[in-house]
Amino acid sequence: MHGRCLPTSGIDQRLINALAEQDRRAQAARDLARSLGADALLILVQDADSRALLPAPGFPRTLPGGPTWRAFLNACARAGELAMDVDYPDRLSRNSAWAYVSANGSVTALIGGNPHISARDLSELLLPIVRLLQCERRVTAAQGAAAAATLAAKQTSTLAASLDEARRRLSEQATQLQNALNEAARLN
């Protein structure tokens, strides 16, 4: 793991603060990574339901994948620091990744370059931002669940209306059949 050459007080607080704004987050992450001597900063948070690690809101939604990323994500199952090589920014490029997995399962990773801060120190410095990102992830999940519930309610309402219409038609047909039987009986 890299030494702590850059004291946390030397980090531009404006870059950290910019991570709090969703519309500036991607650029702020790139700028912060470069200021720390890395090529990229990646924050992963756990999905509340599946416990899967997902890129935090505002970070790249897709990663190159492949065996190096599977190994990286498997290693992120345990809290603590880790360092390994991953394919980044594509499957043809191999770069070192230094990561810290916090007790709550979030991952702060610096990828490529020669970072001047440990992933653990960066994780501690970004703790309020990581908590914000975890809340945003939960809000996104809740909004998705609410949208699904609204759709299910609309579909249920439509189905109930269709069933009511079918019952009304069936009742009309039963009445017509009864009238036809009554008429046939009267004619006989």
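A search of the whole structure, which is a predicted model, finds 1 aromatic pair. The ring centres of tryptophan 69 and phenylalanine 72 are 5.3 Å apart and the planes stand at 70°, so the pair is edge-to-face. Rings of Phe, Tyr and Trp (its six-membered ring) are taken to pair if their centres lie within 6.5 Å; planes under 30 degrees apart count as stacked, over 60 as edge-to-face and the rest as tilted. Both residues belong to helix H3 (residues 67-75), where tryptophan 69 and phenylalanine 72 are 3 residues apart, about one turn of the helix. Helices (H or I, at least four residues) and strands (E, at least two) are DSSP runs, numbered from the N terminus. Tryptophan 69 and phenylalanine 72 are both buried, the term denoting under 20% relative accessible area, with exposed over 50% and partly exposed in between (1.4 Å probe, protein chains only).

Local features need pLDDT of at least 70 and side-chain atom pairs count only at pLDDT 80 or more, while totals for chains, interfaces and linings use all residues. Residues are numbered from 1 along each chain as its sequence is written, and side-chain values use heavy atoms, with hydrogens and water left out.

The sheet is open and is formed by 5 strands in the order S2-S1-S5-S4-S3, with antiparallel pairing; two strands pair if DSSP finds at least two bridges between them. Strand S2 (53-55) and strand S3 (80-87) are the edge strands, each pairing on one side only. From one strand to the next, the twist averages 30°. S1 and S2 run antiparallel and are joined by 3 bridges; leucine 44 has proline 55 in S2 as its bridge partner. H5 packs on the sheet and touches S1, S2 and strand S5 (107-111), its direction making about 55° with that of S1. Contact means heavy atoms within 4.5 Å; axes are lines fitted to C-alpha atoms, for helices over the stretch in contact, and angles run from 0 to 180 degrees between N-to-C directions.

In helix H2 (residues 25-35), the buried residues are Arg25, Ala28, Ala29, Leu32 and Ala33. These residues lie on the same side of H2, because they cover an arc of only 130° around the axis, taken from the directions from the helix axis to the C-beta atoms. Their cover includes helix H1 (13-18), strand S1 (40-46) and helix H5 (127-187). Glycine 37, with a positive phi near 90°, follows H2.

Serine 123 is located in helix H4 (residues 119-125). This serine 123 counts as buried because its relative accessibility is 6%. Residues up to four places away in sequence not counted, serine 123 touches Tyr100 and Thr108.
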